[in-house]
Amino acid sequence: MFQIEIDHLNKHYGGFHALKDINIAIKQGAFVALVGPSGCGKSTLLRTLAGLEKTSSGDLRIAGESVVSKPPRERDVAMVFQSYALYPHMDVEHNMNYSMRLKRRPRQEIAERTRAAAETLGLGTLLDRLPKALSGGQRQRVAMGRAIVRNPKVFLFDEPLSNLDAALRVHMRSEIRKLHERLQATSVYVTHDQVEAMTMADHIVVMRAGVVEQQGSPLDLYDRPANRFVAGFIGSPAMNFIPVTVGPDGNRLMLEQDQAQSLALDRTLAPGRRLLAGLRPEHLAFTRETGDLAIKVVVDAVESTGSMTFVTASIASQPVVAAHSGRPGVSKGRKTELFIAPGNVHLFDPETELAVV
């Protein structure tokens, strides 16, 4: 059963077309991430789901019921904002149950729901504290608690971790995912951080300029990107793109930056066709396995984080980045080879940017 169905949804701001024919179906209990660069429309889509923005055309259904004409309070969704949006004069308990008190729910129900949410989020001993006495992570938990006590059909998260430091973001990613699994709720999570999306979501929707470029499971998008944009956006560091030309025999790729080098194809293509070869940094190795393709490079820079080493090299003037989980023992200025399995070479049309399959 689909909990959320978005059908040919469009949103205009005057002459600006912000959301363009969006079609998404979200299963009940799924954790869906909306990702893309700033201005791609992901937050606009989330706000449209919440009812904070009106649709220009199309339909939006929650639990099978169209909600395009319903105000936010009647959509049975709860939103967690980037800025926490806590009332500074209210303690944790009253911040969490404020919406229930507005609806004049029975006191016993308010107390039970508040206590249950606080225990779930590890806030049981903090109910009498004001927001100013809490850490950033604790404030974000209160914001989530306020959503939980409402027991909504859908949770909406608008970049909730972007104000936290790196270490706390990693911790809170795990906490939100555990919370989702415990509640078995349907969650839609907006982020510009594709690592967050890959590690948290069951289903990812990649957006650009108001258009859904591709959607699917995290590994589907990683292994089978539909176009160059998705290939470059999903994965960190970003995929390398090298201009190539299909050789006369149709089963080799000639590197345009270094015609003396070529890569064997695992298929036959039209001779002379120009393409972009996509090579993920983590698929480029310094040791050869049986069947690997070799690329001769010159090392330009070596950066180590201790557990990972990032090597920037060049093929003539074409830069490539290789990510190595160890310490490959290369240095700036050294000539070496990078190796990649044929199945890890992605091909894209340079004009349409679509994947060549």
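Over residues 4-234 the chain is 36% helix and 27% strand, with the end C-alpha atoms 24 Å apart; helices (H or I, at least four residues) and strands (E, at least two) are DSSP runs numbered from the N terminus. This is a predicted model, in which local features need pLDDT of at least 70 and side-chain atom pairs count only at pLDDT 80 or more, while totals for chains, interfaces and linings use all residues. Residues are numbered from 1 along each chain as its sequence is written, and side-chain values use heavy atoms, with hydrogens and water left out.

Q: What separation do the centres of domain 1 and domain 2 have?
A: The domain assignment, which is automatic or from a database, places domain 1 at 2-233 and domain 2 at 240-348. Taken over C-alpha atoms, the distance between their centres is 39 Å.

Q: Which residues of domain 1 lose the most area to domain 2?
A: Buried area is the accessible area (1.4 Å probe) that two parts lose on being put together, summed over both, and for these domains it is about 670 Å², 59% of it on carbon and sulfur atoms. On the side of domain 1, 75% of what is buried comes from three residues together, namely Y222, R228 and A231.

Q: How many residue pairs are in polar contact between domain 1 and domain 2?
A: A polar contact is a pair of N or O atoms within 3.5 Å; within protein, one must be able to donate a hydrogen and the other to accept it, and residues adjacent in sequence count only if both atoms are side-chain atoms. With both residues at pLDDT 80 or more, the count of such pairs between the domains is three.

Q: Which helices each supply at least two residues of the side of domain 1 that touches domain 2?
A: Eight residues of domain 1 are in contact (heavy atoms within 4.5 Å) with seven residues of domain 2. The helices that each supply at least two residues of that domain 1 side are helix 8 (218-223) and helix 9 (228-233).

Q: Where does P237 lie?
A: The peptide bond leading from S236 into P237 is cis, with omega near 0°. P237 lies in the loop between helix 9 and strand 11 (240-246).
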